[in-house]
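Morning, everyone. Please bring up the sequence and the model, and we will walk through them together.

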Amino acid sequence: MFEILKEFGIYGIAIAGLLEATILPIPMETISVPVYLSSREKVAYLLIILLICSTLGSIIGYLFWRKISGPIKNRYLKSEIFVKIKKMYEKNALLTLLSFAFTPIPFEGYIIAAGILEIEFKTFLLGVVFSRILRHFPQGVLVYYYGEKVIKDIGTYSIIIIISIFLIIFIKNFIDKKIKKGNI
């Protein structure tokens, strides 16, 4: 399936973008980066298509899971994983949505949780758009400017970026707690 999506170029990117938030539990990069490499002059156009289609797929997934959330909530909402996700969303829904740009958890997991937990749609949409930009834009830019040689380094850079973002979030939360307690 992935080879077929890669071969379809722009249509493959569009289809994969729509499926990314619903039923495609693989990293989008396995499809997008090879397509970017095959059409480096069209990377900006491909990125826009990917961002639009991924956002549309996210909206479809969110609305679907929100619509059928009643029975699921009654049965599974008290499970340990849902309790953790719900606490994350309750603490800061936008930050949680932005964080899924960098986590190894499949994107659709966050979409499902946002729909079931009925996260405010505006917050959801804002988080999805920015998380997709944060996830896909740097890859497109790197491929455009550095081509195939960047593929070897993307994993390393991704890990450094992820660790940096989580350190910033951790430090911010630590400082916020100290300020609330009056220690700073």
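Helices (H or I, at least four residues) and strands (E, at least two) are DSSP runs, numbered from the N terminus. By that rule, the elements of the chain run α-α-α-α-α-α-α-α-α-α from the N terminus on. That is 10 helices and 0 strands.

Some ground rules. This is a predicted model: local features need pLDDT of at least 70, side-chain atom pairs count only at pLDDT 80 or more, and totals for chains, interfaces and linings use all residues. Residues are numbered from 1 along each chain as its sequence is written, and side-chain values use heavy atoms, with hydrogens and water left out.

Now confidence. pLDDT is the predictor's confidence in each residue, from 0 to 100. The chain averages 78, and 81% of the residues score at least 70. Helix 4 is highest, at a mean of 91, and helix 1 (residues 2-7) is lowest, at 62. Where pLDDT is low, the predicted coordinates should not be read in detail.

Next, burial. Buried means under 20% relative accessible area, exposed over 50%, partly exposed in between (1.4 Å probe, protein chains only). Of the 184 residues, 38% count as buried.

Look at Thr 55, in helix 4 (residues 43-67). Is Thr 55 buried or exposed? Buried, because its relative accessibility is 13%. Its side chain reaches the backbone oxygen of Leu 51 at 2.8 Å. Leaving out residues up to four places away in sequence, Thr 55 touches Leu 125, Val 128 and Val 129; contact means heavy atoms within 4.5 Å.

Last stop: Glu 118, in the loop between helix 8 (107-116) and helix 9 (121-146). Glu 118 is not a glycine, yet its phi is positive, about 55 degrees. Glu 118 counts as partly exposed, because its relative accessibility is 35%.

Methods. A polar contact is a pair of N or O atoms within 3.5 Å; within protein, one must be able to donate a hydrogen and the other to accept it, and residues adjacent in sequence count only if both atoms are side-chain atoms.
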